[in-house]
Every structure is written in structure tokens, then in C-alpha cells.
Amino acid sequence: MSSMLEVNNLGISFGGLRAVNEFSMTVEKGELYGLIGPNGAGKTTVFNLLTGVYRPDTGKVVLDGKDITGMRTAAVSRAGIARTFQNIRLFGKMPVLDNVKAGLHNHYGYSTPAGILRLPSYRKQEKRMDEKAMELLKVFDLEKDAEKTAGGLPYGKQRRLEIARALATEPKLLLLDEPAAGMNPKETQELMDMIRFVRKEFDMTILLIEHDMRLVSGICERLTVLNFGEILAQGSTQEVLTHPEVITAYLGE
Amino acid sequence: MSFLSYLLNGISLGSVYAIIALGYTMVYGIAKMLNFAHGDVIMVGAYVAFTAIMSAGFSSLPAVLLAILVCTVLGVVIETIAYRPLLEASSSLAVLITAIGVSYFLQNVVLLIFGANPKSFQSVVHFKGISLAGGALTISGETIVTILCGILVMVVLTTFIGHTKQGQAMLAVSEDKGAAQLMGINVNGTIALTFAIGSGLAAIAGVLLCSCYPVLTPYTGSMPGIKAFTAAVFGGIGSIPGAFLGGLILGVIEILAKAYISSQLSDAIVFAVLIIVLLVKPTGLLGKKTREKV
Amino acid sequence: MKKKKLRVNLLTYGIVTAAFIVMQSLAVTGSLSSLMKGLLVPICVYIVLAVSLNLVVGISGELSLGHAGFMCVGAFSGAFFSKCMQDTITSGGLRLFLAMLVGALVAAFFGLIIGIPVLRLRGDYLAIVTLAFGEIIKNVINVIYIGVDGDGFHFSMKDQFSLGMAPDGKVLINGAQGITGTPKDATFLAGFILILVTLFIVLNLIDSRDGRAIMAIRDSRIAAESIGINVTRYKLMCFTISAALAGAAGTLYAHNLATLTASKFNFNTSILVLVFVVLGGMGNILGSVIAATVLTVLPEMLRFLNNYRMLIYSIILIAMMIYNWSPQVLEWRERHFGRLLRRDRKEAE
């Protein structure tokens with residue numbers, strides 16, 4: 001059985017700055033993997049490289065046996081990677097339900113004329129999309145907010161909606177960019193439960209970036225530590241968190 | 001020789017565009033707004049100079065100075081009353097439409113005062129041109145003065161921005177308004193100053209434009225305004241050398257296209273060149289490339 | 001939300017239909033002034049233009065300053081079609097319908113070929129390029145001469161004498177003088193039907209999978225890409241549909257005029273339509289309909305003000321923008337009227 005994600009020797013420079021260098025990692029199917037490191041270490045850049053926001057200068061990304069290196073963002077999504085953003089990016093002026101339905105875009109289709117002329121395929125598919133989207137909203141306890149405008153939701157709900165939207169694309173791999181940012185300990189605890197639940201319920205492989213050590217050590221099986229764009233340590237959570245260089249990097253921050 | 005003379009005319013027209021474009025680009029850089037009323041400030045400047053010379057018997061220089069003064073004040077008034085309330089609005093379209101409202105306003109005030117009949121503008125340049133190569137190439141006084149003014153404006157403006165406190169403040173505000181405020185820069189004052197300078201330049205451009213093309217109507221400013229805006233985008237909007245370069249190139253292209261291709265299609269050619277440049281370099285010739293943060 | 005949307009859509013169709021019935025019966029019974037009668041078709045034209053521009057500006061969030069260009073292309077291709085078919089198709093209604101189809105298709109084609117390179121640009125750069133295209137279209141049509149004689153069509157970009165036609169030849173498009181003698185096929189009924197078709201297309205498109213994709217791109221391009229939405233495709237779709245509708249409106253406009261010249265479709269026309277969209281509310285289709293109507297009728301009603309008319313219009317425009325958009329004014333309004341408004345809203349619910 002192949003791994004879910006294999007990254008080999010990934011690198012990119014901005015101007016003269018080497019933002020990510022010789023980055024390699026393997027995420028197994030069903031694994032919950034953490035990518036950690038101090039601010040500016042290049043974690044989000046790695047996400048942007050994986051999802052085609054940036055094109056890597058070097059290296060290769062293979063998703064479930066398929067080479068997706070250098071693909072455009074939309075194609076990467078169709079290949080099976082979904083993500084959330086560090087600074088939440090919802091479709092703020094659209095209703096919550098429509099945010100999730102937008103996520104279903106590539107799985108439930110009808111032609112443009114069918115949509116304009118309200119043909120039977122429109123009605124049938126819209127109904128299925130409504131049901132599927134409501135199902136997802138229920139999982140994230142957002143069904144009561146379905147008709148509210150997404151931009152008006154409180155912070156915690158926005159984070160959850162972003163995950164729901166990502167899952168609507170039926171990904172193989174879910175990337176979470178600092179899901180606990182800005183949350184209090186109670187909310188963080190709930191989020192951890194939810195991530196575990198998503199993983200079980202959707203049989204999902206998850207790669208997450210996180211600052212919150214409690215969250216990382218609580219749920220991740222393996223970690224990669226990034227510092228100044230380079231891998232500092234890699235291995236099981238226990239090993240990595242006791243690694244002397246990692247401790248220095250964090251305490252020295 | 002005729003090519004050389006076209007080229008000089010082009011550079012002269014380009015200098016006018018450059019002076020207008022400088023105003024556009026400074027305002028855009030600092031307020032992030034497309035000031036569609038800028039062209040009409042040019043027209044107001046020309047009318048002020050026209051009135052001062054024809055009715056009040058001013059000589060050229062005082063008339064020009066008066067035009068600059070009036071336009072500077074006008075620029076600040078427009079900014080304070082019409083634009084400032086909207087600079088923080090949730091949509092940048094709000095201030096754009098307001099600028100169009102201001103443009104209509106200026107045109108119609110002038111229309112009410114002076115009527116729709118074109119006025120024939122008397123050139124403010126009083127010396128005859130020079131004749132070179134035994135009369136094969138004559139350069140008019142207006143052309144020389146316009147080109148010199150263009151260079152002078154560019155030099156003075158660059159020095160001002162590079163070497164004075166206010167100039168540095170402008171750069172800071174255009175870079176990051178919030179940070180500039182925290183640094184103790186008077187943001188509103190700086191924006192007003194930018195409008196003042198831009199509008200003063202517009203007055204100079206108005207007088208020069210009407211000295212070269214002496215027909216003055218309330219709508220005289222709109223097309224040069226749009227073209228100068230094009231020039232600013234062409235050079236990379238927000239960039240001062242870019243506006244200057246863009247203005248010059250645009251003027252030269254326009255005159256050469258008129259001379260060698262078709263006078264009716266010269267505008268289309270100018271706009272086509274703009275489109276091609278933007279497609280190759282989406283932020284203009286000297287524009288800064290920005291990477292969107294994800 | 002679903003029900004509310006449906007209600008607003010029905011309200012939009014209802015208001016338009018009611019207004020049509022009232023105006024049409026007034027016109028038939030002769031109780032409408034000739035001024036108002038003359039405005040009926042232009043109102044329809046501007047409503048269609050405003051709704052179609054709203055699709056680009058309000059729904060897809062891209063600023064276009066060249067909408068008049070598409071109207072121009074549609075007007076000329078539609079009028080050209082009608083001039084050619086004047087003797088072949090004798091039914092005015094059918095001829096107009098086919099002409100509008102031609103106008104829409106040609107404008108859509110232009111929307112597509114302009115959109116492909118241009119929609120890569122963002123924000124103000126896109127705005128200036130659409131402005132540039134609008135001006136180019138106007139300029140180029142200004143120098144086009146087409147005539148027809150026994151040998152077929154003749155084309156020139158110089159003047160009508162360069163067409164080299166036989167003496168019996170007929171000039172169809174005469175450069176800056178444009179097209180004269182287009183059959184006056186435009187009727188209020190035709191305008192009304194065009195509005196209904198436009199509303200049907202735009203409202204249904206917004207409330208469909210494609211509409212969601214377009215609005216998703218507007219709200220966050222990066223997030224839309226991240227869920228697999230093809231940004232270029234949907235921007236292009238939006239731009240092309242909008243251009244097609246503007247083209248159809250242009251054709252209707254052309255069939256209401258004795259002389260059609262390209263100079264009518266200048267930057268100011270594009271801006272006029274943009275003002276309708278912004279004052280009516282971006283993304284608010286009913287708002288566009290109302291704003292286009294009011295702002296077309298009002299200046300005509302204010303004709304008695306003579307030269308002061310446009311001055312007053314400009315002052316109102318500036319004041320409206322500040323009243324509706326200034327953060328300080330909005331805050332002030334919330335403080336003084338907020339409670340009142342909230343109570344109204346509660347009662348309404």
C-alpha cells in the first residue's frame with residue numbers, strides 16, 4: 001500500500017531568500033500528522049507548495065501515488081487535497097449553507113443552461129447538495145446557522161465552517177493551517193475532539209500546522225519540525241518533542 | 001526632419017500627459033483611488049488662466065500662478081468634502097463614483113459660468129520658436145516650454161519626495177497608512193498635501209495643454225484626463241518615474257500614430273498599446289510586483 | 001433564506017410586470033406625455049444594461065468601465081443585420097428578435113475574446129483595460145464603412161468613396177455618421193420581454209451552482225481555488241453573459257433611433273450604467289432595475305432646470321454616495337436611527 005502523501009526534496013526561493021529547502025516527508029493513510037515550528041519557519045509556505053498556490057523550484061509531491069507537482073490549486077483540489085487557512089477565508093457574503101455547497105462544486109454537477117432553465121437535473125442535484133451540505137453542517141454543529149451570512153459568524157464557528165467546506169470537496173488529505181489559532185483552552189479542547197471525530201468519521205488523513213503544543217502532543221502521531229525553512233527533526237511525537245535541538249529552537253524563540 | 005518634428009511634438013504632448021499622470025499616480029499611491037475628476041481640475045486651471053489674461057489683464061506668469069493657487073485650493077476642498085469621508089468605505093467603488101460626481105460638478109459649474117461655446121485660449125508662451133537646419137525643422141516656443149516644464153516638474157517632485165519630511169511622509173502613507181499613523185505622521189494632512197500638489201500640477205498641465213491646443217471647453221479635460229490615467233497605469237500606477245515615462249511614451253505614440261497611421265485611430269492605438277503592455281507586465285512598466293499573502 | 005430569495009425574485013418580476021402594464025395602458029389610452037412615451041424604450045435598455053453590469057460588478061466583483069463597448073458592438077451588429085434583412089424579413093417583431101440574437105452573439109464573442117487575456121488582471125488594472133477596450137471599440141467602429149451593391153458587400157476603413165461601389169450601391173455603415181435608417185422596430189413590449197429574459201437569466205444564474213462559484217470567487221479567490229473552482233472559467237462565463245445581454249440591449253437601443261453613431265457609446269455611458277449599479281446596490285438586481293428607471297426618468301423630469309440640471313444631479317450623486325457609504329455617516333445613522341430601524345425590522349419579521 002502506498003503512502004497518502006510523499007514529498008521529496010521540496011524547495012522554493014523568494015527573491016534571494018530560501019523559504020523552504022530540501023523538504024521531505026511521508027504521511028501514511030489515515031495518519032494525523034503535525035507540522036510545527038517557530039513563526040516564519042515556512043510552515044504555511046509548505047502548505048502553499050503542496051496546494052499549488054506556489055510552484056516549487058525543486059522537488060516532487062505525490063498524492064496517493066499520483067504526481068501532483070506544479071499543478072494549479074484547483075487541480076490539486078480535484079486530485080484530493082483540501083485545506084483551511086491560517087487567517088480564515090470563507091465566502092463571507094454568502095450564506096453558511098452555500099459555503100458548503102460551493103465545496104460540493106465538483107461532485108454534483110449540472111450544465112449552465114440546466115441551471116438557468118431550471119431543468120429537472122437542476123432540481124435533483126440541488127436537492128442532493130442541500131441534503132449533503134446539511135449533513136456536514138450537522139457534524140460541525142452549524143445546522144442552525146445554515147441561513148446566516150458566513151462573515152457574521154463568531155470566530156470559532158467560522159473555523160468549523162471552513163473545515164466543513166474543505167470536507168465537502170471529499171478530499172483524501174485534509175490540511176489544517178493553525179486550526180486552534182485564536183481559540184481559548186476550552187475551544188481548543190473541543191477542536192481536538194472534533195479533529196479526532198473527523199478523522200474517524202470520514203476516515204481522513206490529516207496534516208496540520210500548529211503552534212499550540214498541547215494540541216499537537218495530544219492528537220498528532222508524528223511530527224516534522226521546521227526551522228528557517230529546513231527540517232529540524234522528524235519522527236514520532238514523543239521523540240520529536242524531547243529532541244534537544246527542538247527544545248532549543250522553541251525556547252530560543 | 002518631419003519625423004524629428006513629430007517626435008518633438010510627441011515629447012511635448014507627452015510632457016503634458018506626464019504632468020497630469022504624476023498627479024494621478026500620487027493620489028492613487030496615497031489614497032488608492034482613481035480620481036476621475038483630475039482631468040476636470042486641468043480644465044478649471046485653464047479657465048482660471050484664461051479669465052485672468054483676457055478679463056483681468058494679467059500677464060502670463062501671474063495668470064499661471066493664480067491658476068496653480070486656485071487649483072491647489074480646489075484640490076484640497078474636493079478631497080476634504082467629497083473624498084475624505086469615503087476613503088475608508090467598505091467598497092472602493094464608492095469613492096470612484098463620487099469622483100465622477102465631482103467631475104460632472106466641475107464641468108457643469110464651468111458650463112454655467114462660461115457657457116458651452118469654445119474659448120480660444122491665448123498661448124502663455126510669448127517667444128517665437130527656434131528654426132534649425134535652415135528652416136527645415138522649426139520648434140515652437142510652446143513645445144520648448146512644455147518639455148522644459150515637464151523636466152522641471154519631475155526634478156522638483158523627485159527632490160521633494162526624496163529629501164523633505166513631507167515627501168517622506170507621503171511615501172510612508174502610501175506604503176502603509178496604519179503604520180504611518182502609528183509613527184506620528186498626520187495621515188489626513190499628508191493626503192490633503194498630495195491632492196494639493198497633484199491639483200497644482202494639473203493647473204500647470206492645463207495651461208500648457210491649452211497653449212499647444214488652444215480650444216477650451218468645459219469638457220477639455222476629460223480626454224487628456226483619461227489618457228493621463230492610462231499613462232499612469234502604463235508606467236505602473238503609484239510609481240512617480242513610471243508616470244513620467246508612461247506620459248512621455250503615450251504622447252509620442254499618439255503623435256506618431258496620428259502622423260503615420262490614422263488620425264482617427266490614434267486613440268485606439270494608444271489604448272491598444274496600453275493593453276499589450278499590461279498583458280505582458282500586469283503592473284505596468286515600473287510598477288511593483290506584489291505577491292498575494294496566503 | 002431560500003424562501004426570502006424566492007420572494008425577492010418574485011417581487012422583482014412582479015414590479016416589472018406591474019410597471020409595464022400600467023405604463024402600457026397609459027400609453028394606449030393616450031394619457032402619457034410624448035416625453036414619457038419616448039423614454040419607455042430607453043428605460044428598458046438601461047435596465048438591461050444595469051442588470052447585466054451588476055452581474056460583473058456586484059456578483060463577480062470585478063470593476064468594468066467598458067460596458068458601453070459591448071452595447072456598441074451589439075447595437076451596430078444588430079442594426080446592420082436589420083438593414084440587410086429589411087426587405088427579406090418584413091415582420092418587425094421577428095426582425096428585431098433575430099437582430100437582438102445577432103447583437104447578443106457578437107457582443108458575447110467580443111466579451112469572450114476580450115475576457116480571455118484581460119481577466120487575468122486584477123482590480124483597477126482590469127478596470128482601465130475594460131475602459132481602454134470600450135474606447136477602442138468606439139474608435140474602430142467610427143472608421144468602418146460598409147456598403148452593398150449588386151456585387152455584394154464592400155468594406156473600407158477610409159471613407160465611403162473608397163468603397164468603390166456601383167452607382168446603385170447603398171452605404172450601410174458610414175463611418176462616424178454611423179447607421180441611418182435602421183427600421184424602428186423597438187417597442188415597449190419588446191423592451192419588457194428583454195427585461196424579463198434578462199432577469200430570468202441573471203436571477204437563475206445567481207441562484208445556481210455556477211452563481212455560487214462566481215460569488216465564491218468574489219468573496220475569496222484563493223479559497224475558491226482551494227475547493228477546486230476554475231476561476232478563469234467562471235469569470236469568463238460571467239463576463240460573456242453580461243456582454244451578451246448588453247449587446248441585446250444595444251440592439252434594442254439601435255432600433256429606437258433614426259441615426260446610430262458610435263460616439264454615443266463613450267466612457268460616460270459606461271459610467272452612467274455603473275452609477276445605476278452602485279446606487280441600486282451592488283449585487284442587488286431589483287435595486288439596479290429601480291435605480292436605472294429612476295435615474296433615467298428623473299433627469300428628463302428636471303429638464304425645466306435647464307443648465308442647473310446636471311449640476312444638481314452631480315451634487316445629489318456625491319451626497320448619496322457619502323450618505324450611503326461613508327463609515328462616519330453610517331455610524332451616525334446607526335446611532336440615531338438604528339433603534340428605529342431595528343424595531344421596524346422586527347415587526348416586519
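Predicted model: local features only at pLDDT ≥ 70, side-chain atom pairs only at ≥ 80, totals over all residues.
1. Chain B overall. Eleven helices and four strands make up the secondary structure elements of chain B. Its radius of gyration is 19 Å, close to the 19 Å that the globule rule gives for 294 residues, so chain B is as compact as a globular protein of that length. The C-alpha trace of chain B spans about 60 × 45 × 35 Å along its principal axes. Buried residues account for 55% of the 294 in this chain. Of the contacts in chain B between residues at least 6 apart in sequence, 75% join residues at least 24 apart.

2. Chains C and B. Here 36 residues of chain C are in contact with 37 residues of chain B. On the side of chain C that touches chain B, at least two residues each come from α5 (123–141), α10 (267–280), α12 (308–325) and α13 (327–348) of chain C. The most is given by α12(C), with ten residues. By class, this side of chain C holds 27 nonpolar, six polar and three charged residues.

3. Chains A and C. In this pair, 30 residues of chain A are in contact with 22 residues of chain C. Four elements of chain A, namely α2 (73–79), β6 (81–83), α3 (96–103) and α4 (112–117), each supply at least two residues of the side that touches chain C. That side of chain A divides into ten nonpolar, eleven polar and nine charged residues.

4. The β1/β2 hairpin of chain A. Strands β1 (residues 5–14) and β2 (residues 17–27) of chain A pair in the antiparallel sense, over seven bridges. Within this pairing, Ser13(A) stands opposite Arg18(A) in β2(A). Two residues lie between the strands of the hairpin, and Gly15(A) takes a positive phi near 60 degrees.

5. Positive phi at Asp64(A). Most residues other than glycine have a negative phi. Asp64(A) is a residue other than glycine with a positive phi, near 50 degrees. Asp64(A) sits in the loop between β4 (58–63) and β5 (66–67) of chain A. With 17 other C-beta atoms within 10 Å, Asp64(A) is partly exposed; the cut-off for a buried residue is 20 or more.

6. Positive phi at Arg118(A). Arg118(A), again a residue other than glycine, has a positive phi near 55 degrees. The loop that holds Arg118(A) runs between α4 and α5 (120–139) of chain A. Arg118(A) is partly exposed, and 14 other C-beta atoms lie within 10 Å; a residue counts as exposed at 12 or fewer.

Technical notes:
Residues numbered from 1 in each chain as written. Chains lettered and ligands numbered in written order. Contact = placed C-beta atoms within 7 Å. Nonpolar A, V, L, I, M, F, W, Y, C, P; charged D, E, K, R; others polar. Rg over C-alpha atoms; globule rule 2.2 N^0.38 Å. Pairing = 2+ DSSP bridges.
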